[in-house]
Amino acid sequence: PLIDVDDLEEFAVRPAPQGVTVKCRITRDKKGMDRGMYPTYYLHLEREHGKKVFLLAGRKRKKSKTSNYLISIDPTDLSRGGESYIGKLRSNLMGTKFTVYDNGVNPMKTTSSLEASTLRQELAAICYETNVLGFKGPRKMSVIIPGMNMDHERVSIRPRNEHETLLARWQNKNTESVIELHNKTPVWNDDTQSYVLNFHGRVTQASVKNFQIIHDNDPDYIVMQFGRVAEDVFTMDYNYPMCALQAFSIALSSFDSKLACE
């Protein structure tokens, strides 16, 4: 089925159609003076015959205390005030927990009692844990996303304070109306002397950054997978109930995560 991306802003937050894997590619551009520190990441949808359709671009903000990525539907405009700004990914000071927001209003920055519908939504939270092997082995990731209602629409989560955030709900085990996902534990392979996952040909280079996200109830259903195919090229595939903005942000967090030291 052809995936309709005419309206990028709408497409970016629309969950993948059920039963369809949305196959994408991320390229990392490190050109220019400071791009080594602040590369731009481009997400493209893969079409038949090697054609690609631009979806999203992301880049880390420079003067930010924590990692803060702006995400845009215009590859040439990655500014906070631009029309194309669609969301952001922000980390905690440790760089171990990340939250994904849409382009709504930050409740802390508004004094008036805004309509709830203009407050920003939290679309995902990502938590990285070190493992028993320290930095050597595969990382543990937990991904928390809003749940779906009976009509297969995303539940709207618009926190007004710290206690209502996805991270707080998860930490307080208040997981009603949210979905908790984890990365699939790779299996040790004696032949290659490395931890491996089966990406069914979508990933060709070993990297600790490669991962698959699953729900514990159905470990064979890959909600999202990400992995390296060349020095600065990665594949990113996602399925229902995830959307492009969620999946792209999760991938960006994995580039950044301090626990991801290779």
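Start by selecting Lys30 and Asp232: they form a salt bridge, with the closest N and O atoms 3.7 Å apart (a side-chain nitrogen of Lys or Arg within 4 Å of a carboxyl oxygen of Asp or Glu). This pair ties together distant parts of the chain, 202 residues apart: Lys30 is in the loop between strand 1 and strand 2 (40-46), Asp232 in the loop between strand 13 and strand 14. Strands here are DSSP E runs of at least two residues, helices are H or I runs of at least four, and both are numbered from the N terminus. Lys30 is partly exposed, at 38% relative accessible area (buried is under 20%, exposed over 50%, partly exposed in between; 1.4 Å probe, protein chains only).

A word on the model: it is predicted, with local features needing pLDDT of at least 70 and side-chain atom pairs pLDDT 80 or more, while totals for chains, interfaces and linings use all residues. Residues are numbered from 1 along each chain as its sequence is written, and side-chain values use heavy atoms, leaving out hydrogens and water.

Arg28 sits in strand 1 (residues 22-29), 204 residues from Asp232. With a relative accessible area of 14%, Arg28 is buried.

Next, pick Arg202 and Asp237, another salt bridge at 2.7 Å, N to O. Arg202 lies in the loop between strand 11 (194-196) and strand 12 (211-215), and Asp237 in strand 14. Both ends are buried: Arg202 at 15%, Asp237 at 4%.

Finally, zoom out: the whole structure has seven salt bridges.
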